[in-house]
Amino acid sequence: MAEEWINWSGSVRFTPEKIKKPDSETALQKLVLQALADKKQLRIVGAGHSSMPLVKTDQLLVSQEKLKGITGFEEDKLRVKLLPGTSIREASEGLIKLNTSLHNTGDIDMQYLAGAFGTGTHGSGRKLKNLSSMLVGCRLVDGRGDLKTYTLEEHPEMIRAARVSLGSLGFMTELTIQVEPAQQFLRKEYCTHTDTSLAHLHELIETNRMFDLYWYPRSDLTKLRICNPVGEGMQDIPFGDLVKEQEGWLYEVLPRFRYLKYEEMEYAVPFEAGPECFREIRKRIKEKHRHYVGWRVLYRTIAADDACLSPFYNRDSVTIAVLQNHELEYKKYFDDLEPIFRAYDGRPHWGKKHTLKAPELKQLYPEWDRFLEIRKQMDPEGIFLNDHLKEIFGL
Ligand SMILES: Cc1cc2nc3c(=O)[nH]c(=O)nc-3n(C[C@H](O)[C@H](O)[C@H](O)COP(=O)(O)OP(=O)(O)OC[C@H]3O[C@@H](n4cnc5c(N)ncnc54)[C@H](O)[C@@H]3O)c2cc1C
């Protein structure tokens, strides 16, 4: 047996039979063919930042830590090819040398690009889609061990399925992403009372390229974070106290390093329902949970996209994330809030805590059955499935 594997927050632990670290596409393909011959299950792990057991296996765990770097650049189309184990930070540092940038990042940049895409990882911005929307092509070793190449132009449905696919279609060995010209950004953080923030919420969301709001239950204060290309968006927030200001490339000013570990549940609700859902969550936390939960609640906006399993499928969304210190009780807290999100037709973040199973998930995703058909064609023997995926897919 290999050593015990533990995710970032510490709540997913398991001991795989083997951990393999292929250093080439050929070596990876051999592993898939061997797993197929041995009738073994194979899970692909990224940076291990998900807190659902997406990568859990007692069989073969494949790490892509040796598959890193930019492998191609089509300057006229602003398209870049990368190996899947390139982290968001490494990708951003490489892209800046090409005068390009990702269109957005999440709160951190430690995730591998393929891992972030796999769960629909997103940042915040009224017009900005989740990160997987960058994927316009890929090479992938499927469940038969065949190496396939897909492009958005020739295989649009396949790309829509692959963008958010939880590692269930096959192993992506190369990603082609759509990037943007690099720009300098100004990021500012303000502190103010929550009622003031809510009174200005619409304006904050609509005027800034990136905006998010942290609510702190103990103090009932909020932190407002805006980030815009220099000279665009709100220049100042007159109703808040400026606490931080930073200028630089997007990847220098947007993501943060998180020293303190936490568990998190996050739901995407329809954009219009965001403020009401947040008010209800805030009320419930103040009434029942504030004495043992001091951790923040994060409010973000994400534009609609068309990936089959994207939590933002066909609807502009607000995400509301609740956090709890990783060493403290989180289940009671999350269990009490989850029905509120569900009542607003919420879709859970695939990589964060939730309790939904196939019957409920199926109702939330119009292309659910089509995705499962594609999945079956790609992996007829189910070598890329584990117990968790079987449970959420209802297989
Ligand atoms: C501190 C912290 C901050 C976070 N901030 C945000 C945030 O701001 N926004 C947000 O949306 N989420 C956020 N998340 C969640 C995180 O972005 C997701 O869980 C993400 O999927 C983790 O990426 P990873 O590289 O760790 O991949 P893993 O968690 O290891 O894997 C995720 C999925 O991708 C699949 N996968 C990985 N590589 C491949 C490949 N090559 N081919 C096919 N499938 C593959 C895996 O099998 C798995 O199903 C945060 C998590 C943490 C711990």
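Student: Which exposed residues does the face of α1 turned away from its buried side carry?

Tutor: Start with the terms: a residue is buried if 20 or more other C-beta atoms, placed from the backbone, lie within 10 Å of its own, exposed if 12 or fewer, and partly exposed in between. Helices are DSSP runs of H or I with at least four residues, strands are runs of E with at least two, and both are numbered from the N terminus. Here, the face of α1 turned away from its buried side carries the exposed residues T26 and A37. Keep in mind that this is a predicted model, where local features need pLDDT of at least 70, side-chain atom pairs count only at pLDDT 80 or more, and totals for chains, interfaces and linings use all residues. Residues are numbered from 1 along each chain as its sequence is written.

Student: And which residues of α1 are buried?

Tutor: They are L28, L31, V32 and A35. Seen down the axis of α1, its buried residues fall within an arc of 95°, so they line one face of the helix. The arc is that of the directions from the helix axis to the C-beta atoms. As a general idea, an α-helix has 3.6 residues a turn, so residues three or four places apart point the same way.

Student: How many residues does α1 have, and how far does the helix reach?

Tutor: The expected span of a helix is 1.5 Å times one less than its number of residues. Helix α1 covers residues 25–37, so 13 residues, and reaches 18 Å from its first C-alpha to its last, close to the 18 Å expected. Just after α1, K39 takes a positive phi of about 55°.

Student: What covers the buried residues of α1?

Tutor: Think of contacts: two residues are in contact if their C-beta atoms lie within 7 Å. The cover includes β3 (18–20), β4, β5 (60–63), β9 (135–142) and β11.

Student: Now the ligand. Which residues are the closest to the ligand?

Tutor: A residue is near a molecule if its C-beta atom lies within 6 Å of it. In this model, 32 residues surround the ligand, and the closest are G46, G115, G118, G167 and G351. The elements giving two or more residues to this shell are β4 (42–45), α3 (113–118) and β11 (170–178). Helix α3 gives the most, with four residues.

Student: Where is M52, and which residues does M52 touch?

Tutor: M52 sits in the loop between β4 and β5. M52 is buried, with 21 other C-beta atoms within 10 Å. Not counting residues up to four places away in sequence, M52 touches W350, G351, K352, K353 and H388.
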